[in-house]
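Here is a short report on selected features of one structure. Take a look at the chain before reading on.

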Amino acid sequence: MHVEHLLRDESLGLRLLWAAPALLAREISGVTVTDLEDPARFVRPGEVVLSGLVWWRAEDEREAAARFVRALKDADVALLLAGEEMHGAVPGPLVEACASQGVPVAAVPPRIMFRTITEAVYLRQWGELSRHHAMPEHLRARLDRLIAQDADPREVLATAFAPLAGSTAHLVTAAGRTVATTPGATPLAVWEAAALPGGDTGTTVPVGADARTPYERWYLHLPDADAVPPSLLHEITETLDRCRQADARRRAAGHRAADALGALLTRGPAEHATVEEALRSCGLTTDGACRVVVADTGPGDAGHARGALAEAVAHAARGPAAVGRLPEGTAFAVLPADGQDAVTELWPHLAACAPDTPLHGGTSASAGTPRDLAAALVQASYALAAARTTAPDASALTDVAALAGVDTLLTGIPAEVRAAYSSTVLGPLDKAGSGSAAMLLHTLETFLAHDGSWARTAEALHLHVNTVHYRIQRVEHLTRRDLSRLVDRLDLWAALLCRTPPGASAPTSRRHTRPSTSSAR
């Protein structure tokens, strides 16, 4: 972009006050806004200098003008743009000094903001990408300031793309959470955002390559693959990666406070004030309902599970939350109760980030007060055990509210305990390889599944009712249980459920039903 191109922009209303014709063809390298009387240290050759003339003093106007213009000449500026708002017009001595020292000068109308001129210059430069592939210096400096101020990624992304009018960008995570979008961009559903890294539309580039877990990776997606040249796109992603690293550092700092909260909750019910203090140290409020979520991805891999929970909690975005590890290593999170649905929505996409690593999770019921959090942690841990049991080789999230039947409730009990209980209650019927034991077990399952009805059991097994009576008597003798008593029926039903391999159908020929004594024997 040359000086004459800027002066011809009618939308800016710039009014040339002096310039030698040859100087109008000079190329502009950038823009600096300053009101220093001696700005030479901060101006680079070929730049346009924007000044509101705050430094101007009537008492020594000629000397001040000479010093100011001499500094511009020494810095080899391309053009001085002097604002008219401060003094109503550009002072004559300043124009004379520019003419005498060969520095082009133009007036900026009061209605024009300096930022408008700055953006016009850099937008034009970015439009000439055959020669300008680097990020403009003023924009790089502004982004650096935003990063130093720990600015929100949305502000950083909007700033980076502001000069590219009409360009759209989405900053998303591998799990489909939208971190930021450019203003006016169409919102993406979780499944749409999650599909971008492997999609074939537009351009999607990774932001950084050192994420500790796959759940923490970011991607920048441009629907228009030609919107930004590769070298410029690289600079933008490097800037966004600094945002990602800052986010990771904030999370790490929060993990330490959450670890202390987790250690407190694992010790059981604690003093109300103590739990409240631990919650406040995590940035959580003490007067709202919360839920506890626990997760793991296998032995010795709590970092992955914690990364998954941190991403799920960020997706929920319902307020402050705590993510950390329990003393034995299990990852856990405490979040507002109304964030549960968002966590559930994201779970399949979290699982897809690491398809070879089963991600199991459990969620508690709502805890109304801080004192209830220890119990909520127990609930979530039990639901986690159920998830591991029912889907050992696949990712699963189980809510404690889903354990609504004996069959689902038992999935939270360790397999070794289930096996011991089944063997104890069934006794000789639990012998492997015994044909008669298998026959009696099948009869018992059918009998209980049909609510203790002799006739329906006989019909289902294609047996005479007397045969069913005989077999049930044998079951009662071997197990020392009385199937006319509800409690004994429940014991045997639970024992049969404990024999069922995880993920297999419960022992019933019709439906999952609770045995009762309503049918005549």
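Helices (H or I, at least four residues) and strands (E, at least two) are DSSP runs, numbered from the N terminus. This is a predicted model, in which local features need pLDDT of at least 70 and side-chain atom pairs count only at pLDDT 80 or more, while totals for chains, interfaces and linings use all residues. Residues are numbered from 1 along each chain as its sequence is written, and side-chain values use heavy atoms, with hydrogens and water left out.

**A loop arginine**

Arg177 sits in the loop between strand 6 (170-173) and strand 7 (178-181). Is Arg177 buried or exposed? Arg177 counts as buried because its relative accessibility is 11%. Buried means under 20% relative accessible area, exposed over 50%, and partly exposed in between (1.4 Å probe, protein chains only). Contact means heavy atoms within 4.5 Å. Not counting residues up to four places away in sequence, Arg177 touches Leu171, Val172, Trp218, Arg251, Glu311, Ala314 and His315.

**Helices**

Helix 8 covers residues 230-266, 37 residues in total. Its first and last C-alpha atoms lie 51 Å apart, close to the expected 54 Å. That expected span is 1.5 Å times one less than the number of residues. Just after helix 8, Gly268 has a positive phi of about 95°.

Helix 16 (residues 454-461) packs against helix 17 (residues 465-479) at about 100°, with axes 9 Å apart. Axes are lines fitted to C-alpha atoms, for helices over the stretch in contact, and angles run from 0 to 180 degrees between N-to-C directions. Helix 16 and helix 17 are therefore roughly perpendicular (65 to 115 degrees). Helix 16 contributes Trp454, Ala455, Thr457 and Ala458 to the contact; helix 17 contributes Val465, Val468, His469 and Ile472.

Gly303 lies in helix 10 (residues 302-316). Its neighbours in contact are Thr213 and Arg325, not counting residues up to four places away in sequence. Gly303 and Gly83 are 220 residues apart along the chain, and their C-alpha atoms are 57 Å apart.

**Cysteines**

How many disulfides does a search of the whole structure find? The search finds 0. A disulfide here is a pair of cysteine sulfur atoms within 2.5 Å. For Cys290, the closest cysteine sulfur, in Cys282, is 11 Å away, too far for a bond.

| Residue | Relative accessibility | Class |
|---|---|---|
| Cys282 | 13% | buried |
| Cys290 | 7% | buried |
| Gly303 | 25% | partly exposed |

Definitions and conventions
Angles under 35 degrees count as roughly parallel, over 145 as roughly antiparallel, 65 to 115 as roughly perpendicular and the rest as oblique.
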